[in-house]
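Please read the sequence and the model below side by side. The paragraphs that follow go from the confidence of the prediction to the fold of one chain, then to the contact between chains and to a single residue.

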Amino acid sequence: MNSILEAMHRSIRPLLGALRDLAPILIVIVVFQTLVLHQPIPNLGNMLVGFLCVLAGLALFVKGLESALFPIGENLANAFAYKGSLFWLLLFAFLLGFGTTIAEPALIAIAAKAADVAAGAALISNDAASKETYADGLRLSVALSVGLAILIGVIRILRGWPLPWLIVGGYLLIEAMTPFAPNEIIGIAYDAGGVTTSTITVPLVAALGIGLASSIQGRNPVLDGFGLIALASLLPMVFVMIYGLVVLG
Amino acid sequence: MIPLLHDILNTLSNTLDDIAPIIGTLFFFQYVVLKRPLINLDRILIGLFMVILGLTLFLVGLEDAIFPLGDAMARQLTDPAFLYAPGEVPTYLWQDYLWVYVFAFAIGFATTVAEPALIAVALKAEDISAGAISAFGLRMAVAIGVATGVAIGCFRIVSGTSLWVYIVVAYVVVLLQTARAPKMIIPLAFDSGGVTTSTVTVPLLAALGLGLASTIPGRSPVLDGFGLIAFASVFPIISVLAYAQISAWMIRRQSSPPKEEENAL
């Protein structure tokens with residue numbers, strides 16, 4: 001009996017947490033819909049079912065995060081630090097970034113849209129084949145840059161380079177490139193930084209960085225463990241602008 | 001019920017496709033390169049299943065319930081028929097769009113609070129800083145940053161000013177803050193810029209940006225519709241740094257009023 005109660009308690013707590021996290025969305029929708037737009041909420045039944053899905057989904061995700069994604073990332077980081085094989089560690093870092101980005105649905109959608117924009121501005125010829133080549137090239141450059149960013153970030157943790165210099169240098173480079181890049185690529189380049197870091201990648205990458213920083217002597221997990229995601233959002237901007245300069249001229 | 005089930009299965013297979021390369025990479029390195037079996041394999045597999053199922057339900061629910069409504073609301077709020085009384089000549093001045101900025105702020109804040117990736121990073125930060133960084137405080141700081149950024153981003157679309165001016169100014173502010181903020185927060189602050197813009201926030205912001213850019217004359221949906229995400233990535237850096245600066249300032253003021261000022265700040 002006690003164990004059943006405990007199990008219930010354990011499964012209700014994440015649900016309550018998820019409810020708290022989702023409450024602001026509900027409040028915004030209800031307030032704007034009724035007080036500002038003066039309209040009833042359409043398909044109330046559907047809305048409620050969908051909302052319950054979101055609620056259960058968020059609770060499950062957060063629970064799984066702590067029992068799977070974090071331990072996997074940390075385990076690997078510890079094992080690499082213990083084994084001390086730089087080559088495999090760097091290859092892993094690159095593949096983690098590259099593999100998670102090349103399949104990212106948000107990036108596929110944005111790349112296709114970007115190809116339409118470029119074709120509309122007559123920068124590439126307006127047929128399916130050349131649009132696809134352009135979109136694939138865009139995706140490949142973003143995926144390469146994310147892989148490279150995680151790799152550089154891991155080297156940074158190993159060497160203990162200060163993050164602000166890398167970030168500031170990166171942004172200065174971006175600002176210096178912006179005036180020369182074609183107009184049609186700038187908006188996409190700036191957005192590419194944001195879309196690359198997906199919900200599964202972020203916890204893994206965070207756990208990898210923190211795991212590495214905690215298992216290497218002289219590194220502080222707070223100071224050195226974070227920063228991988230920042231690099232992974234910065235480098236795609238550089239690469240997409242380079243791609244725009246090379247392909248669109 | 002049947003279409004919902006269909007949606008769930010569809011999204012589940014997409015999520016599986018999406019994360020197959022990651023899982024493959026992880027297991028290859030764990031078992032082939034490092035040759036170290038995972039501790040608690042069954043617990044990890046159950047957790048992985050929970051992550052995949054959770055993300056699937058989350059996405060299905062968002063797409064079925066929240067996105068269509070958010071989409072419709074963004075379109076209604078930016079519609080000239082809502083902004084101007086019948087018979088009034090639409091002027092498309094930035095002052096007329098007050099509700100749009102309020103909505104952008106509110107929805108930016110609300111979606112960031114629900115962002116799973118941010119929850120993950122905030123939990124990790126609280127964990128390794130031994131509670132010095134509070135997960136709740138960090139998430140609120142990021143959410144306020146996104147909200148402010150998105151509201152300003154909407155103002156930019158309405159007023160038709162150029163994107164890069166805002167971004168350059170924002171990064172100059174970030175640079176100045178980086179020089180003075182407590183060192184411990186800097187990597188985390190930069191990370192929160194990238195974390196905020198994933199599953200929940202991006203689609204809603206895209207709808208808002210497109211709604212604005214397509215109803216205001218002289219704006220191009222392709223050029224102006226993009227760019228809100230850039231705002232949502234820079235402003236959280238500013239707000240997280242500011243949060244750390246304010247907490248450090250308050251702690252100093254409380255603990256040692258007569259002491260000499262520190263050089264670092």
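**Confidence, fold and contact**

Chain A has an average pLDDT of 85, and 98% of the residues reach at least 70; pLDDT is the predictor's confidence in each residue, on a scale from 0 to 100. The model is predicted, and for that reason local features need pLDDT of at least 70 and side-chain atom pairs count only at pLDDT 80 or more, while totals for chains, interfaces and linings use all residues. Residues are numbered from 1 along each chain as its sequence is written, and chains are lettered from A and ligands numbered from 1 in the order in which they are written.

The secondary structure of chain A consists of ten helices and zero strands. Helices (H or I, at least four residues) and strands (E, at least two) are DSSP runs, numbered from the N terminus. Among the elements of chain A, the highest mean pLDDT, 91, belongs to helix α5 (residues 128–159) of chain A, and the lowest, 76, to helix α7 (residues 183–195) of chain A.

Along its principal axes, the C-alpha trace of chain A spans about 70 × 60 × 30 Å. The domain assignment, which is automatic or taken from a database, gives chain A domain 1 (1–63) and domain 2 (85–248). The C-alpha centres of domain 1 of chain A and domain 2 of chain A are 34 Å apart.

Of the 249 residues of chain A, 51% are buried. A residue is buried if 20 or more other C-beta atoms lie within 10 Å of its own, exposed if 12 or fewer, and partly exposed in between, with C-beta atoms placed from the backbone. Two residues are in contact if their C-beta atoms, placed in that way, lie within 7 Å. Among contacts in chain A between residues at least 6 apart in sequence, 84% join residues at least 24 apart.

How many residues does the contact take from chain A and from chain B? Chain A gives 79 residues and chain B gives 83 residues. On the side of chain A that touches chain B, helix α2 (residues 44–83) of chain A supplies the largest share, 25 residues. By class, that side has 54 nonpolar residues (Ala, Val, Leu, Ile, Met, Phe, Trp, Tyr, Cys and Pro), five charged (Asp, Glu, Lys and Arg) and 20 polar (the others, Gly among them).

In chain B, B:Leu208 is placed in helix α9 (residues 201–215) of chain B. B:Leu208 counts as buried because it has 28 C-beta neighbours inside 10 Å. Leaving out residues up to four places away in sequence, B:Leu208 touches B:Ala74, B:Ala104, B:Cys154 and B:Leu228. B:Leu208 and B:Leu77 are 131 residues apart in sequence, and their C-alpha atoms are 9.2 Å apart in space.
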